[in-house]
Amino acid sequence: MLKLPNELSIVQVDVLHQDLLSELNNSRDICLDISDVMSADTASVQLLCALQKHLLTINQKIAWVGSSDALKNAIEQLGLSEYLASESTN
């Protein structure tokens, strides 16, 4: 499981991208703990969309752990609620 930082912004996108690639290489299932996320911008949501797109090609999807109103709101504002459904698995 990868615990996301409290701030998902363009400044951290490169580091998050590397973390996600590492997680993809180490695990078939991608679980993201979003419980600490306090803010999320378009760049970070775009990266999560790219991850979801890749996972769908291999019949997987993101498993969300915890909840984050900030991430949920960012996803909703971008009209991506159905694509990045962030219902928690826990």
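Okay, let's start with Lys-3, which counts as partly exposed at 44% relative accessibility; for that scale, buried is under 20% relative accessible area, exposed is over 50%, and partly exposed is in between, using a 1.4 Å probe and protein chains only. Before I go on, this is a predicted model, where local features need pLDDT of at least 70, side-chain atom pairs count only at pLDDT 80 or more, and totals for chains, interfaces and linings use all residues. Residues are numbered from 1 along each chain as its sequence is written, and side-chain values use heavy atoms, leaving out hydrogens and water.

So what does Lys-3 pair with at 3.1 Å, closest N to O? That's Asp-33, in a salt bridge, meaning a side-chain nitrogen of Lys or Arg within 4 Å of a carboxyl oxygen of Asp or Glu. Lys-3 lies in strand 1 (residues 2-3) and Asp-33 in strand 3 (residues 31-33), so this pair ties together parts 30 residues apart in sequence. Strands here are DSSP runs of E, at least two residues, numbered from the N terminus. Asp-33 is buried, at 12%.

Lys-3 also meets Asp-36 in a salt bridge, 3.3 Å from N to O. Asp-36 sits in the loop between strand 3 and strand 4 (39-40), so with Lys-3 in strand 1 the pair ties together parts 33 residues apart in sequence. Asp-36 is partly exposed, at 36%.

To wrap up: the structure holds two salt bridges, and Lys-3, Asp-33 and Asp-36 are linked in a network of them.

Note on methods:
Helix = DSSP H or I, 4+ residues; strand = E, 2+ residues; numbered from the N terminus.
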